[in-house]
Amino acid sequence: MSRSHTRVTEALRDEACPVTEVLDRVAGKWSIGILIAAAHGPVRFTELERAINGISRRMLTLNLRRLERDGLLVRTVYPTVPPKVEYSLTPMARELHASLTELVGWAERHRAAIAEARAAYDTAAEQRPDAD
């Protein structure tokens with residue numbers, strides 16, 4: 001591989017890695033559920049736990065910490081006995097929620113077309129002679 005090609009590859013990798021890292025974090029199954037559940041205002045841990053089917057307490061805790069660390073959630077602790085803790089979206093997370101909402105809308109609008117394309121592809125693949 002030429003030296004210039006190596007530099008281009010390294011530059012692309014250096015640029016793509018942070019983007020991939022962020023997308024992996026916010027596009028995760030649980031992260032999306034948490035962001036959607038918290039979009040309607042401050043929400044408590046138990047409310048999140050009930051709203052997100054299949055998430056364990058441990059996984060919810062880990063994801064809440066990650067989202068807080070990434071600046072997407074604000075954790076507010078009220079000095080009561082027992083302590084009351086609420087989670088709310090940051091402005092950055094509200095922007096992300098708007099994008100997620102658009103993506104969900106796109107998926108709903110194109111769901112039938114995607115199913116048709118898959119069926120057509122599968123039918124054509126069945127009719128092709130094996131390329132192996």
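1. Helix 1 contributes the most to the lining of the largest pocket, with five residues. Helices here are DSSP runs (H or I, at least four residues), numbered from the N terminus, and strands are E runs of at least two. A pocket is, on a 1 Å grid over the protein atoms alone, an open set of points where a 1.4 Å probe fits, with protein on both sides within 12 Å along at least five of seven lines; lining residues have an atom within 4 Å of a point.

2. The model is predicted: local features need pLDDT of at least 70, side-chain atom pairs count only at pLDDT 80 or more, and totals for chains, interfaces and linings use all residues. Residues are numbered from 1 along each chain as its sequence is written, and side-chain values use heavy atoms, without hydrogens or water.

3. The lining of the largest pocket comprises 13 residues, with Val22, Leu23, Val26, Leu72 and Leu96 nearest the centre. Helix 1 (3–26) and helix 5 (91–127) each supply at least two lining residues.

4. Which residue follows helix 4? Gly71 does, and its phi is positive, near 85°.
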